[in-house]
Amino acid sequence: MARACGILDHLYIYTNMMNKNVKAAVLGATGYTGQEVVRLLRHHPYMTLGIATSESSAGAAVPGTGLRYVASDDVNLGETDLVFACLPHGESGTWSLRAREAGARVVDLSSDLRAGQHGAVYGVPELWRETIRGQSLVANPGCYPTGVLLSMGPLLADGLVDCTRPLIIDAASGVTGAGRGAKREYLFGEVADDYRAYAVGNVHRHVPEIGAGLARLGGGDTPEFVFTPHLLPVRRGILETMYVPVPSGATAADLVESCVAAYAGEAFVEVMVEGVPTLRDVSGRNVLSIGFAEVGGVTSPLVICVAAFDNLLKGAAGQAMQNANLMLGWNEAEGLPL
């Protein structure tokens with residue numbers, strides 16, 4: 001359970017709201033997600049990029065800034081106010097804890113702390129905004145879970161999911177979702193003109209995270225689910241098609257109404273009243289777009305939900321910036337593209 005926002009937290013937030021001059025560090029700044037965080041920081045009104053780490057590019061110029069990349073071991077974490085940890089899974093969490101111990105606020109973008117280790121708060125702002133405000137350590141959600149949880153949250157709350165039947169999730173991501181490391185299966189010649197499933201059989205590393213999130217949303221009354229990810233031959237973007245088991249008599253219009261009500265006034269979730277979204281609708285934007293469609297010719301009632309979003313923005317760096325803004329007491333949309 002997230003700790004309450006105490007007196008020292010409120011004092012920290014108030015101080016930052018007054019001076020609005022926060023020095024940020026990006027650990028792992030040359031990965032795809034790290035590059036996106038750096039780009040967002042260049043346009044943030046109240047944050048300044050002070051440190052950008054890269055083991056492979058140490059000494060090289062950071063594009064668009066007057067900085068040079070430094071190796072992680074050469075960084076003094078005590079010289080920064082906020083850290084975005086964009087390092088590989090298994091490494092990022094350790095650096096996040098070091099940064100917190102040095103006095104910085106931290107958003108960890110790896111999977112290392114998403115189960116709440118070391119008091120980290122799980123950060124999906126539209127669902128659990130009040131638990132994020134003023135926190136010192138936030139675990140940014142995985143890209144695939146972001147789409148599933150934001151789509152299913154209102155439906156579970158309104159009893160529009162038949163939890164006696166499985167939820168089927170077919171998800172497809174652009175190749176940047178696999179990271180920037182050199183791997184043969186992600187070369188252009190391997191990916192182009194192909195479309196393939198991977199981690200088939202509910203074995204993807206995001207499965208426990210999806211399960212934990214659905215359980216939290218449903219209060220224990222949640223459906224089983226089958227999650228199958230696919231690799232798209234595009235650079236960025238995620239499209240998730242969810243086959244939602246619904247109670248008898250429920251329609252796609254009911255699910256639309258549920259999400260419209262839940263996300264009224266939300267800057268970064270769009271609910272389509274008609275039709276379903278495409279990647280082109282969301283590329284380059286920090287937005288999750290959701291649409292629904294009826295399913296005919298089945299004896300057990302189903303509604304299809306399609307969620308589309310940019311894996312590097314709403315699925316990673318953009319959501320991390322939302323979390324950082326909340327941690328510092330600012331408007332959640334500061335520095336983010338709509």
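This is a predicted model: local features need pLDDT of at least 70, side-chain atom pairs count only at pLDDT 80 or more; totals for chains, interfaces and linings use all residues.
Helices H2 and H9 are oblique to each other, because their axes cross at roughly 40 degrees. Residues are numbered from 1 along each chain as its sequence is written, and side-chain values use heavy atoms, without hydrogens and water.

Two packed helices are described by the angle between their axes and the distance between the axes. H2 spans residues 32-42 and H9 residues 313-327, and their axes come within 9 Å. Helices (H or I, at least four residues) and strands (E, at least two) are DSSP runs, numbered from the N terminus. Axes are lines fitted to C-alpha atoms, for helices over the stretch in contact, with angles from 0 to 180 degrees between N-to-C directions. H2 contributes Thr33, Glu36, Val37, Arg39, Leu40 and Leu41 to the contact. H9 contributes Leu313, Ala316, Ala317, Gly318 and Met321. Contact means heavy atoms within 4.5 Å.

Glu334 follows in the segment after H9. Beyond its neighbours within four places in sequence, Glu334 contacts His44, Pro45, Tyr46, Met321 and Asn325.

Now the rings. The structure holds 3 aromatic pairs. Rings of Phe, Tyr and Trp (its six-membered ring) pair if their centres lie within 6.5 Å; planes under 30 degrees apart are stacked, over 60 edge-to-face, and the rest tilted. Tyr122 and Trp128 have ring centres 6.1 Å apart and planes at 50 degrees, so this pair is tilted. Tyr144 and Phe227 are edge-to-face, at 5.1 Å centre to centre and 65 degrees between the planes. That pair links distant parts of the chain: Tyr144 is in helix H5 and Phe227 in strand S9, 83 residues apart. Both Tyr122 and Trp128 are buried, and so are Tyr144 and Phe227. Buried means under 20% relative accessible area, exposed over 50%, and partly exposed in between (1.4 Å probe, protein chains only).

The charged end of Arg98 sits over the ring of Trp95, 4.4 Å from its centre. Here CZ of Arg, or NZ of Lys, must be within 6 Å of the ring centre and within 35 degrees of the ring normal.

Last, the loop between S8 and H7. Most residues other than glycine have a negative phi. Ala199, in this loop, has a positive phi near 45 degrees. Asn202, also there, has a positive phi of about 60 degrees.

Methods. Angles under 35 degrees count as roughly parallel, over 145 as roughly antiparallel, 65 to 115 as roughly perpendicular and the rest as oblique.
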